[in-house]
Amino acid sequence: MLLSSPLRQSVLRRTTFAAAPLALIAGCKWTDDGSEEATPEQTEPAVAADDKFVAEALEAINTAYELVDHVARKHIGLSTPLAGLTNLHREQTTTLGGEIEPVPRRGKQVPDGDRPALDLVTRQERSLQRTLTGLAGQASSGSLASTLASMSAGVAQHLILLKATKVGGQA
Amino acid sequence: MTAAMQTALAGEHAAVWIYGVLGGQTSQSAEPTLYDEVSTAYALHRSRRDQLMRWIRDDAGTPVPADVAYELPNEVRNPSQVRTAARQVENRCTSTYAVLISNTESTRRDWAIRALVDAATREVRLGAKPVAMPGY
């Protein structure tokens with residue numbers, strides 16, 4: 001699945017702008033308008049592969065966002081501890097040039113209890129973190145690899161907080 | 001690639017030195033959780049320093065030497081200050097590893113990703129607020 005042209009341009013523009021210091025270190029060339037000049041290491045197939053990785057990352061983030069959104073709406077007591085995750089997913093999506101577009105969740109139902117719901121969110125976030133780590137390892141562009149790895153680390157930080165979240169007096 | 005590894009190595013030299021000081025300022029009996037965190041971090045940073053040195057030598061480079069001493073990020077007279085200093089160390093490491101990731105591939109990149117995630121999570125365990133993209 002390749003990104004549509006406007007979105008691809010947006011992704012390149014955003015990642016280029018935000019990752020410029022890293023990319024400069026990586027030896028990439030940048031034009032005055034902020035667009036990226038393909039280096040010998042960034043062939044057309046490599047750029048296409050990176051587009052696919054960005055699309056996969058956006059899909060994984062949006063899937064995680066959907067679940068967090070549904071759980072926070074159903075379990076009011078979890079809305080505050082989950083607010084950070086919602087913001088995280090929004091920020092990361094914006095960085096990749098995408099947009100959060102919540103759709104009715106058709107997959108797993110949200111459990112009734114707070115603890116099972118939180119456990120489901122935790123599993124989903126772990127899955128997201130693994131996905132981002134894997135994509136970072138495969139990315140052709142060094143700056144995209146760094147961006148995705150940083151996102152993986154951001155999710156990992158929130159997993160620490162999720163683990164410590166108290167539900168109904170439980171640690 | 002070697003320049004980024006040298007930068008990461010310089011960061012690890014500093015981390016090892018600073019964690020050595022932090023360990024000496026942390027009571028195992030009074031602050032067991034912090035002591036464990038500092039001790040674990042010290043061992044991990046030593047291990048990473050050694051790995052970076054091996055890779056630089058493998059690439060026919062000369063590993064950048066450690067300085068005699070490093071400036072502490074802040075005073076470390078109590079557990080709160082120790083945590084603050086440790087967070088600073090980890091925060092700097094996330095930045096250097098983000099750069100290293102962008103300059104490596106395959107095994108070395110995977111290793112750098114693990115180091116970045118580890119530093120970022122330790123930051124939070126030491127009391128930092130999470131951010132969307134550590135090291136970015």
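Across the interface of chain B and chain A, 9 residue pairs are in polar contact, with both partners at pLDDT 80 or more. Salt bridges across this interface number 0. The model is predicted, and the predictor assigns the complex an ipTM of 0.95 and a pTM of 0.84.

**Extent of the interface**
- Chain B brings 22 residues into contact with 34 residues of chain A.
- About 2,100 Å² is buried between chain B and chain A.
- Carbon and sulfur atoms give 69% of that buried area.
- Of the area that chain B buries against chain A, 28% comes from Arg109(B), Ala132(B) and Tyr136(B).

**Polar and charged pairing**
- The polar contacts link 9 residue pairs between chain B and chain A.
- The rule finds 0 salt bridges between the two chains.

**Elements on the chain B side**
- Two helices of chain B, H3 (79-102) and H4 (106-125), each supply at least two residues of the side that touches chain A.
- H4(B) gives the most to this side, with 10 residues.

**Composition of the chain B side**
- The residues of chain B's side that touches chain A include 14 nonpolar ones.
- The rest of that side divides into 4 polar and 4 charged residues.

**Confidence**
- Chain B has a mean pLDDT of 96.
- In chain B, 99% of residues reach a pLDDT of 70 or more.
- For the complex, the ipTM is 0.95 and the pTM is 0.84.
- Where pLDDT is low, predicted coordinates should not be read in detail.

Note on methods:
Residues numbered from 1 in each chain as written. Chains lettered and ligands numbered in written order. Predicted model: local features only at pLDDT ≥ 70, side-chain atom pairs only at ≥ 80, totals over all residues. Heavy atoms only, no water. Contact = heavy atoms within 4.5 Å. Buried area = accessible area lost by both parts, 1.4 Å probe. Salt bridge = Lys/Arg side-chain N within 4 Å of Asp/Glu carboxyl O. Polar contact = N/O pair within 3.5 Å; in protein donor to acceptor, adjacent residues only side chain to side chain. Helix = DSSP H or I, 4+ residues; strand = E, 2+ residues; numbered from the N terminus. Nonpolar A, V, L, I, M, F, W, Y, C, P; charged D, E, K, R; others polar. pLDDT = per-residue confidence, 0-100.
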